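Please look at the sequence and the model together, beginning with the overall fold and then turning to a single helix and its surroundings.

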Amino acid sequence: SARFRQYVDAGALADKTIAELRNAKRDKPFLIWCHFMDTHVPYVSGHGRKWYRQTSDYLKRLGYPATRDAALVFRDTRAQQPDIQKQSSALYDAAVHWTDEQIGRIIDALDETGLAEDTIVMVCGDHGEELGDHGDLGHYFLLYEHNLRIPLIFRRKGMKPARLAGLKTILDVAPTLADMAGLPPAAGWTGEPIESAAAAARVHVVMETFYGGNCLFEHRPLYFAARSHTHKLIWSEARDPADTFSPDGPQLYDLTVDPGEHRNIYAADHPALAPLETAIARRMAEIPELPADRVVAAFGETGERAIAEI
């Protein structure tokens with residue numbers, strides 16, 4: 001039935017995790033990884049097969065009309081009508097609230113069992129959601145901030161509340177956990193502990209994807225973005241035929257005055273452009289599936305220098 005989601009809901013996953021915690025052996029370390037899918041379409045906010053009957057309660061808690069149809073996103077999830085976008089956004093918020101509540105149950109269980117005294121907790125997203133921003137719904141791998149900005153939260157005994165500035169990525173997760181546990185990083189890790197001087201000194205980060213997934217390097221155009229503390233360059237080799245949302249050509253945004261990325265200020269002589277193009281060219285040169293001529297075709301002399309540096 002369409003009302004059934006295709007994955008275990010956050011409540012069931014929390015139940016399983018809490019049971020594991022209560023039965024955990026105290027004489028050796030453990031690692032538990034939970035993948036909560038409820039904030040994906042169909043934006044589940046409730047437990048079991050009749051989860052949708054609980055959605056109205058989560059909507060009301062957030063100040064939304066309880067009459068929003070929980071089954072909306074089983075229909076045309078990529079419809080572009082403003083009302084569809086608004087309703088999808090409300091259902092997404094309800095799913096986030098529900099998921100947050102279930103994570104809270106796991107945290108409470110850690111406290112109640114005493115395991116929190118010697119346990120590191122990390123909560124991390126893997127992508128955002130478009131919800132009508134830049135035309136699309138869902139997360140079809142467009143490299144705008146609404147897709148790239150994610151929560152990254154760490155909790156351990158004795159940690160004081162703090163919000164770290166700077167540029168962090170998912171690549172920092174493993175090095176940070178190892179550092180907190182007093183372990184050295186593994187060879188080949190490219191991330192850094194988020195509290196380290198190396199992470200604080202970053203001047204840019206690079207993101208890469210194909211539109212809609214499927215890493216067919218020989219047949220599909222690469223999509224890249226490079227972000228500094230102030231600017232963001234979104235660049236692709238070409239627009240994927242399936243991509244009906246991206247404009248043609250590069251996009252450059254000044255995030256200090258345009259955080260929603262609505263005003264493309266790209267110009268070949270813009271002073272923020274060269275270091276961002278260099279960052280993308282260097283990353284392209286590192287990818288073994290890409291021949292050197294593809295890097296040079298993309299960035300000319302900048303690409304040649306990037307290849308020479310690898």
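Among contacts in the protein between residues at least 6 apart in sequence, what percentage join residues at least 24 apart? The share is 58%, where a contact means heavy atoms within 4.5 Å. This is a predicted model, in which local features need pLDDT of at least 70 and side-chain atom pairs count only at pLDDT 80 or more, whereas totals for chains, interfaces and linings use all residues. Residues are numbered from 1 along each chain as its sequence is written, and side-chain values use heavy atoms, with hydrogens and water left out.

The protein contains 9 helices and 6 strands, which are DSSP runs numbered from the N terminus (helices H or I, at least four residues; strands E, at least two). Its radius of gyration, taken over C-alpha atoms, is 22 Å, close to the 19 Å that the globule rule gives for 310 residues, so the protein is as compact as a globular protein of that length; the rule is 2.2 Å times the number of residues to the power 0.38. Of the 310 residues, 41% count as buried, that is, under 20% relative accessible area, with exposed meaning over 50% and partly exposed in between (1.4 Å probe, protein chains only).

Helix α8, residues 292-299, has R294, V295 and F299 as its buried residues. Seen down the axis of α8, these fall within an arc of 105 degrees, so they line one face of the helix, the arc being that of the directions from the helix axis to the C-beta atoms. They pack against β5 (231-236), α7 (273-286) and α9 (301-309), while D293 and A297 are exposed on the other side of α8. Just after α8, G300 takes a positive phi of about 60 degrees.
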